[in-house]
Amino acid sequence: MVGKMIGSSASPNGSFTSAMTLTEEELTCVPKCYILPPSLRPNGAEYNTCLPIVDLSYLQHPLLRPQIIQEVHLACKKFGFFQVVNHGIPISVMKDAIDAASEFFNLPIEEKRHLLSSNVHDPVRYGTSLNHVKDKVYFWRDFLKHYANPTSTWLDFWPSNPTGYKKKMGNYTVAAQKLQEELMEVIFESLELNSNYLHEDIAEGSQVMAVNCYPACPEPDLTLGLPPHTDYGMLTIILQNHLGLQIMDRDEKWHSVPLIEGALIVQLGDQMEVLSNGRYKSVLHRATVNSEKKRISIASLHSLALGKKVRPASELVNEQHILSYKEGSFSDFLDFISGEDIVEAKYIDKLKINS
Ligand code: OGA
Ligand code: NI
């Protein structure tokens, strides 16, 4: 087959071409605007150490609970990342959510175009890369982002095509919100805070679903699905159907996150780094792409409500641990990414107090 290149229609000039469209064209090379500078390419250097897996069923056993809290503590300290099994969300609910997402991205572009938006403040938006209007180089990803908690407020904004989307995604988002509330209790306990800390703020917190589609890519070594970044919130729960996520450890080495049937990925975000006054750090992660399979991931991003400021817990500020972060909200983060290129600048760095 002769390598097919497409020109202006896929260049970062503000016009819109989805990654799904490019895959359907059966290109043998990625268009130029997807080629990353060598320093940003995935370059295959990754490590296969054991990443932490936590079995949440043990939390119910009074004798085993302290051990699980300790495992969570170590995972949060070392990586800001762990996977959970026996988390209580049925496999069928997870599978339905992946199917609904997949069906959405498979729709013809005419069915999705009305949701296209480059305004990060919109409650529902479909797009490609990070922001097709602003990006200097493109990432091999299509996405649908929408708010979820509480579903009664947001469901009307969600896509009504495919017809099963609201029901299937709705079941998953409610379950993910509940799991998030349980995980926050465990994480607070692991920080020696009261497990009910911020209880109401967390129940009323913001939940953004980042539904991602990474189609098969002809040259996966030259591009990424998402560049290295940290998530803005308290924590993110990720459901994935194939390999592709990588996390960076404290020695700046990349690790592929293994695919474990039925498991969910938990990542700490910037708000947790602030709240813990730096005891825990948000995890730097990126999404790689592959030449064979379309990958779907559903990231449920949990933060305090849009305008609520998060600040270091007073219990975690003392002489040994001086106040190290300024307060910030989800809304402040949105203002930040409206003005900055996240490939170049990190929001958490704006919140650090330099001693
Ligand atoms: C995200 C994200 C990772 C993935 O949406 O913020 O990091 O594996 N996704 O898709
Ligand atoms: Ni992320």
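Mentor: Begin with Tyr214: one of its polar side-chain atoms lies 2.6 Å from an oxygen atom of ligand 1. A polar contact is a pair of N or O atoms within 3.5 Å; within protein, one must be able to donate a hydrogen and the other to accept it, and residues adjacent in sequence count only if both atoms are side-chain atoms. This is a predicted model: local features need pLDDT of at least 70, side-chain atom pairs count only at pLDDT 80 or more, and totals for chains, interfaces and linings use all residues. Residues are numbered from 1 along each chain as its sequence is written, chains are lettered from A and ligands numbered from 1 in the order written, and side-chain values use heavy atoms, without hydrogens and water.

Trainee: How much of ligand 1 does the protein bury?
Mentor: Accessible areas come from the Shrake-Rupley method with a 1.4 Å probe; for residues, only the protein chains shown count as cover. Taken alone, ligand 1 exposes 290 Å², and the protein buries 96% of that.

Trainee: What classes of residue make up the shell around ligand 1?
Mentor: Five are nonpolar, four polar and two charged. Ala, Val, Leu, Ile, Met, Phe, Trp, Tyr, Cys and Pro count as nonpolar, Asp, Glu, Lys and Arg as charged, and the others, Gly among them, as polar.

Trainee: Which protein atoms hold the nickel ion (ligand 2) as donors?
Mentor: Donors are N, O and S atoms within 2.8 Å of the metal (3.2 Å for Na, K and Ca); water is not among the atoms, so sites may look incomplete. Here they are His229 (NE2), Asp231 (OD) and His285 (NE2), lying 2.1 Å from the ion. Their spacing in sequence is H-x1-D-x53-H.

Trainee: Are His229 and His285 buried or exposed?
Mentor: Both are buried. Buried means under 20% relative accessible area, exposed over 50%, partly exposed in between (1.4 Å probe, protein chains only).
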